[in-house]
Amino acid sequence: MNIIDIQNLTKYYNKSRGIIDVSFSIKEGEIFGFIGPNGAGKSTTIRTLLNFIYPTSGSATIFGKDIVKASKEIREEIGYLPSEVNYYDDMKVKDLLIYSSKYYKKDCSKRLVDLSERLDLDLNKKIEDLSFGNRKKVGIVQALLHEPKLIILDEPTSGLDPLMQNVFFDMLLEEKEKGTTIFFSSHVLSEVQKLCDRVAIIKEGKLIKVETMENLSKSHFKNVTITFEKGKPFEIELDGIIQKSSDKKSLKLLYKGNSRALIEKLNELSFKDLLIEEPSLEEIFMHYYEK
Amino acid sequence: MLLFKREFKRNLKGLIIWSAVIGGLILLILAIYPQFAKDQEKLNIMLQAYPESMTKAFGMDKLGFDTVLGFYAIEGYLMITLFGSVYAVMLASNILSKEANEKTIEFLLSKPISREQIISQKLLAIVTNLVILNVIVAIVNLIGFNLSKNNNVETETFLLISLAPFILQLTFAAASFVISCIVKKSRSIFSISLAIVFVTYFFSIISGISDKYKNLKYISPFKYVDAADIITSKEIRPLYLIIMAAVIIIGGVASYILYHKKDITV
């Protein structure tokens, strides 16, 4: 079953572009990453899904319900962490979390303490006095507290130290175990790599690709580094070479194609050393962005 | 009613301060009256010493200091109409725009609450606060009037001059609330609303002074609830009531429509 289903969603702010013709769906129980540089339209998509803003055209459903017509109903079962966490400055952490939980007809008092302890969050501090990272923790607890069916996280890890990031990722995986669907946006690729089942890549408002993590990292991309013999540089022409860079000592290729063809080509040449490796996700993404 | 409770709690401090200040000032003014009343003759001479335009502007031509009600209408009524309106405008222009300004609206809108519920509960918080302020002032008036011996204030008149400022405040509150649904920046909302209060107050004075500008009274809500008029005619003129009711209703309804359609970005 699709938890989120987005059909040709387009959003313009007056005349400036938000997102254009975005379509994808997220299955139940999935951790779905939404990747793109700043200003690509990640937050616009999320805000449209939550009906903070109205779509210019296209439509979307969450839990099979229309995001505009059934927004309130949908939000009963959603936990949302905004990219910038801002709360009422007159409240203590505890006040905010209790206030938040009262909107859902559930008793969350035990979970409140549990989650806060795990994130090392002081419940009695005023939110005003919290650092950026600690404020983010309040946001995380707030989003997970009522055990929603769908958790939407907009750039969740910014401001968290690596230790807390791990705790947070563990929490998300636990939620996934329970069958919760998680949709999160990020421009930090390594965190997507660790967690997500699938990712959607967005650039300048347009969806470029939806791919399983597995396929993406094993996308037949090869990083090839050829070290020349002294004073004998050469060039290679071959189908499937996406990027080329060379200096006096070596030639670097980003190659997508048949490995055998590459080896055969290399066989004709003499070189000192050869390194063929999986490219990092960053390199794959950089490639998408540059297109 | 979660949001209503929250708003009420959040604004309670302001309500207490404004009630204490306005109520306190009125009580102080009324407490002086018994002293005044003793020297009635001197007082009337003093009144005549004022320039005519000034007595007109403040409605002193229709009322005198010979009754406590007249004294209140001239000296005390302004506190609850003008300052009460300033309070109403502050509350109404802030209550919704604050969420956008401090970006807490993202939190609120992600909860299962409809925009209509947000508007309803915030409006209810405004009305509740204004009711409490006006009830406190009415009680203060009741005490203040009883301090003097000639406290022959008719119940009907008393109710009218207690109700009129409330309707006035609601009018200003509705106007500034609807502005806060349109304008993005919170600070400019408060400035605009405050300007409306003071400019219309200014109009009410001008319209009293000069016959040339007397039609300005139709665009000044302060004239609609003029104490001298209410006390002498024992009514708020139906036309004025209709205008204020229209502003309140249109403002309220427009708020729902505008906020429903609004793209909320922070």
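The legends below walk through several close-up views of a predicted model.

**Figure 1. Chain A as a whole, to get your bearings.** Let's begin with the overall layout of chain A, which has 10 helices and 14 strands. Taken along the principal axes, its C-alpha atoms fill a box of roughly 70 × 40 × 35 Å. Of the 291 residues in chain A, 37% count as buried. If you look at the contacts in chain A between residues at least 6 apart in sequence, 69% of them join residues at least 24 apart.

Figure 2. Which residues point which way? A:T181, A:F183 and A:S185 are directed to one side of β8(A), while A:I182, A:F184 and A:S186 are directed to the other. Residues of both sets are buried.

**Figure 3. Parallel partners of β8 in chain A.** Staying with β8(A), this view brings in the strands that pair with it. Strand β3 (residues 31-35) of chain A pairs with β8(A) in the parallel sense, over 5 bridges. Strand β7 (residues 150-154) of chain A is also joined to β8(A) by 5 bridges, and these two strands run parallel. As a reminder, strands of a sheet pair through backbone hydrogen bonds, either parallel or antiparallel.

**Figure 4. An open antiparallel sheet in chain A.** Next comes a sheet of 4 strands, open and antiparallel, with the order β12-β13-β11-β14 in chain A. Why do β12 (241-246) and β14 (273-277) of chain A each have one side without a neighbour in the sheet? Both stand at the edges with a single partner strand, so one side of each is left without a neighbour. From one strand to the next, the twist averages 15 degrees. Within this view, 7 bridges join β11 (residues 221-227) of chain A to β13 (residues 250-256) of chain A, and the two run antiparallel.

**Figure 5. Helices α3 and α5 of chain A packed side by side.** The axes of α3(A) and α5 (residues 132-144) of chain A come within 10 Å and cross at roughly 25 degrees. Angles under 35 degrees count as roughly parallel, and α3(A) and α5(A) are therefore roughly parallel to each other. The crossing of α3(A) past α5(A) is right-handed. On the α3(A) side, A:V93, A:L96, A:L97 and A:S100 meet A:V138, A:V141 and A:Q142 of α5(A). Sorted by class, this contact has 5 nonpolar, 2 polar and no charged residues.

**Figure 6. Where chain A touches chain B.** The contact takes 18 residues from chain A and 17 residues from chain B. On the chain A side, the elements that give two or more residues are α2 (71-75), β6 (78-81) and α3 (93-102). By class, that side has 11 nonpolar, 1 polar and 6 charged residues.

**Figure 7. A phenylalanine in a helix of chain B.** Our last stop is B:F145, found in helix α7 (residues 115-147) of chain B. Is B:F145 buried or exposed? B:F145 counts as buried because 20 C-beta neighbours lie inside 10 Å. The C-alpha atoms of B:F145 and B:F4 are separated by 35 Å, with the two residues 141 residues apart along the chain.

Note on methods
Residues are numbered from 1 along each chain as its sequence is written. Chains are lettered from A and ligands numbered from 1 in the order in which they are written. This is a predicted model: local features need pLDDT of at least 70, side-chain atom pairs count only at pLDDT 80 or more; totals for chains, interfaces and linings use all residues. Two strands pair if DSSP finds at least two bridges between them. Axes are lines fitted to C-alpha atoms, for helices over the stretch in contact, and angles run from 0 to 180 degrees between N-to-C directions. Two residues are in contact if their C-beta atoms, placed from the backbone, lie within 7 Å. Ala, Val, Leu, Ile, Met, Phe, Trp, Tyr, Cys and Pro count as nonpolar, Asp, Glu, Lys and Arg as charged, and the others, Gly among them, as polar. A residue is buried if 20 or more other C-beta atoms lie within 10 Å of its own, exposed if 12 or fewer, and partly exposed in between; C-beta atoms are placed from the backbone. Angles under 35 degrees count as roughly parallel, over 145 as roughly antiparallel, 65 to 115 as roughly perpendicular and the rest as oblique. A crossing is left-handed if the near helix is turned anticlockwise from the far one by less than a right angle, and right-handed if clockwise.
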